Amino acid sequence: MPDDPGSRDRREAVRKGVEIRVEPDEAAALQATAEVLRETVRSAVTNAGCASIAISGGSTPRGMHRLLSRPPYAEGISWDRVHLFWTDERLVSHEHPASNFGAARTDFLQSLPRSPGGLHPVPVSSDGDASARRYEEEIRRHFHQRHLDEPVFDLILLGLGADGHTASLFPGSPVLSEQRRWAAAVKGGEPDVERVTLTYIVLNNARRVLFLVTGDSKAAAVRHVLTDAAPVLPAQRIRPPAGSVAWVLDRTAASLLPRSLFSV
Ligand code: 6PG
């Protein structure tokens, strides 16, 4: 994680190989996440000429997305080398307020000085399975162009629901045990609409996964996900064997984490 002057108010810990970073407030958590995105793109472009990034939806990342539309991120990130995907999408039109792509377009995409090298929204249709298949084909096509037969995102940004879901992987969903498909149609969540989500096959194949979680409504879920032994919640099963996982939390989302986590 990049260093900055605010480090004295920050608490950091590593638990079972998972980095946990607690920022003093939401603004600091959003900025820390934007910095990780900038750093990841910089090193991916240096090493491979482009960066494959998947972002999530919901309300939490919107403040971070808005940061990306402003200096130093709007100009300081090689957007023309970035291929942008979504971890999940609600199957509504891009003009609908629940559209994750629509929100990202409003929050930063439409105001970037250079458009991303590749924009890969989930194909929206009334047939969730067809949308999921087409999205998988799109992901395969992209990684084939990177001479890869499997999806290896440089960075996947995830959120956390109060029920422990992440992307649109909801507790009890049959998609949690998907062994083959990279994307799948699901129903549920808030709003309760048909969705397409990336499956664990893709999420656990990433080089880097970062959870951005803020607010006290998430404190109980954060505690369960980061301290409970048994991986019963969907977010607990994000453990890329060849990648890293980090959590960027604000103080309120971290408020139920045991102090002992940070005492080393
Ligand atoms: C979605 C998200 C979802 C989100 C959580 C948290 O499209 O709904 O990808 O996984 O990250 O539901 O949502 P909030 O940030 O709105 O609390």
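A pocket is an open set of points, on a 1 Å grid over the protein atoms alone, with protein on both sides within 12 Å along at least five of seven lines, and its lining residues have an atom within 4 Å of a point. A volume is the space filled by probe spheres set on the points, which are joined across faces, edges and corners. The views below show a predicted model, in which local features need pLDDT of at least 70 and side-chain atom pairs count only at pLDDT 80 or more, while totals for chains, interfaces and linings use all residues. Residues are numbered from 1 along each chain as its sequence is written, and side-chain values use heavy atoms, with hydrogens and water left out.

**View A. The second largest pocket has a volume of about 230 Å³.** Its lining has 16 residues, and Lys 16, Val 225, Leu 226, Gln 236 and Arg 239 are the closest to the centre. Helix α7 (219–227) and strand β11 (244–250) each supply at least two lining residues; α7 gives the most, with three. (Helices are DSSP runs of H or I with at least four residues, strands are runs of E with at least two, and both are numbered from the N terminus.) The lining divides into ten nonpolar, two polar and four charged residues. Here Ala, Val, Leu, Ile, Met, Phe, Trp, Tyr, Cys and Pro count as nonpolar, Asp, Glu, Lys and Arg as charged, and the others, Gly among them, as polar.

**View B. The largest pocket holds about 360 Å³ of space.** Of its 22 lining residues, Gly 57, Gly 58, Ser 59, Arg 90 and His 165 are the closest to the centre. Strands β5 (88–90) and β10 (208–213) each contribute at least two residues to this lining. Six of the lining residues are nonpolar, eleven polar and five charged.

View C. A backbone N or O atom of Ala 167 lies 2.5 Å from a ligand oxygen, and a polar side-chain atom of Asn 100 lies 2.9 Å from a ligand oxygen.

**View D. One cavity of 30 Å³ or more is present in the structure.** A cavity is a set of grid points where a 1.4 Å probe fits but cannot get out. The largest cavity contains about 40 Å³ of space. Its lining includes Thr 33, Met 64 and Leu 212.

Note on methods:
Polar contact = N/O pair within 3.5 Å; in protein donor to acceptor, adjacent residues only side chain to side chain.
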